[in-house]
Amino acid sequence: MLSRFCVLLYVLIVFPLSAKVIDITVETDIYFYAKDIIGKKPILEITDYSGKNAQRDVVEFILIQQALILGGADIEFNFLYGNYDARNLKLLNEGLLLLSFDSLWLSATEKYQDNLYISEPLIKKGDYFAGIFTSESNIEKYSKSPVTIRDMSIVSSKDWHVDWLTLQSLKPKKLIHESDWIVMAKMVSRGWVDGMLAPFKKQDSFSYIGPDYKIFAIPNVKVALEDSRHFVVSKKHPLGKQTFEALQKGLVILKERGLIEKAYRQAGFINEDVKEWRTITSDKVQFN
């Protein structure tokens with residue numbers, strides 16, 4: 001009897017009953033790109049966010065977990081990977097998803113403030129610039145003369161609130177909706193569509209290369225996306241309030257340590273190499 005009690009006591013100490021296992025949705029490619037960076041290290045030991053496939057949403061997958069641990073959250077995650085971009089905001093609003101591991105635009109979330117906790121900005125308004133990515137065969141053509149979006153066909157997603165409205169205001173020759181990022185990249189790579197918007201990466205060529213696609217940033221031009229990005233937690237989820245409080249505390253610690261800026265720089269999202277590139281912007285776009 002005593003030995004059973006000792007075993008039970010050990011289990012309760014090592015595996016506290018307060019620990020919760022929560023399902024979290026994440027894009028398939030982002031999950032595996034992040035796993036390449038994390039490897040077998042404990043998540044808090046990651047201070048180098050660089051890697052072949054480091055990009056904004058990949059480093060955010062790591063940052064949000066670090067923030068939650070630093071803030072004292074007692075949660076384990078069961079990752080469900082697939083194509084969830086179009087569904088996550090709905091799931092958050094209904095309390096069926098605790099939080100989003102990918103930051104969201106403020107303008108897409110603030111009308112749901114009754115149902116959502118919205119973190120302090122990870123990326124402030126005015127700091128987000130996307131490249132215009134095209135195929136390898138088109139890169140020389142677009143490098144020779146100033147790019148005019150009105151002469152290009154562009155693929156994006158209506159679910160990407162700010163991207164879509166910004167592109168609509170810039171009036172491309174054709175704007176095509178596609179919900180899957182990898183399908184977009186393949187469409188551009190094969191020349192079916194002239195271009196797409198994507199965050200800059202660290203590689204010198206600013207390229208995204210994967211199975212069956214290669215796309216490259218058109219040099220010397222970038223598009224301003226005038227909104228801020230935030231992590232979002234569902235108010236309707238039973239763990240929402242305590243998770244958000246832990247997240248906010250952890251983000252403050254990460255910011256004080258300089259790790260949020262470091263992560264975005266190592267991913268190439270904050271990139272001095274494109275600082276002087278010509279900026280395409282629209283004063284007419286309305287996000288609300």
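Trainee: What makes up the lining of the second largest pocket, by class?
Mentor: That lining has 13 nonpolar, four polar and nine charged residues. Here Ala, Val, Leu, Ile, Met, Phe, Trp, Tyr, Cys and Pro count as nonpolar, Asp, Glu, Lys and Arg as charged, and the others, Gly among them, as polar. Before we go on, remember that this is a predicted model, where local features need pLDDT of at least 70 and side-chain atom pairs count only at pLDDT 80 or more, while totals for chains, interfaces and linings use all residues. Residues are numbered from 1 along each chain as its sequence is written, and side-chain values use heavy atoms, with hydrogens and water left out.

Trainee: How much space lies in the second largest pocket, and where is its centre in terms of residues?
Mentor: The second largest pocket holds about 710 Å³, a volume being the space filled by probe spheres set on grid points that are joined across faces, edges and corners. Of its 26 lining residues, Leu122, Ile123, Lys124, Asp127 and Ile270 are the closest to the centre.

Trainee: What makes a space a cavity and not a pocket?
Mentor: On a 1 Å grid over the protein atoms alone, a cavity is a set of points where a 1.4 Å probe fits but cannot get out, whereas a pocket is an open set with protein on both sides within 12 Å along at least five of seven lines; lining residues have an atom within 4 Å of a point. By this rule there is one cavity of 30 Å³ or more. The largest cavity has about 50 Å³ of space, lined by Asp29, Tyr33, Asn53, Gln55, Trp181, Lys201, Tyr208, Ile209 and Tyr213. Both α2 and β9 (207-210) give two or more residues to it.

Trainee: Why is His237 called buried?
Mentor: Buried means under 20% relative accessible area, exposed over 50%, partly exposed in between (1.4 Å probe, protein chains only). His237 has 14% relative accessibility, so it counts as buried. His237 sits in the loop between β12 (232-234) and α9 (240-256); helices (H or I, at least four residues) and strands (E, at least two) are DSSP runs, numbered from the N terminus. Leaving out residues up to four places away in sequence, His237 touches Ile22, Gly95, Leu97 and Leu98, with contact meaning heavy atoms within 4.5 Å.

Trainee: How do you know that helix α7 is largely enclosed?
Mentor: Eight of the ten residues of α7 (residues 161-170) are buried, so the rest of the structure largely encloses this helix. The buried ones are His161, Val162, Asp163, Trp164, Thr166, Leu167, Ser169 and Leu170. Just after α7, Lys171 takes a positive phi of about 55 degrees.

Trainee: Which residues make the contact between α2 and α3?
Mentor: First the geometry: α2 (residues 28-38) and α3 (residues 56-70) pack at about 65 degrees with axes 9 Å apart, axes being lines fitted to C-alpha atoms over the stretch in contact, and angles running from 0 to 180 degrees between N-to-C directions. From α2 come Ile30, Tyr31, Tyr33, Ala34, Ile37 and Ile38, and from α3 Asp57, Val58, Phe61 and Ile62. That contact has nine nonpolar, no polar and one charged residues.
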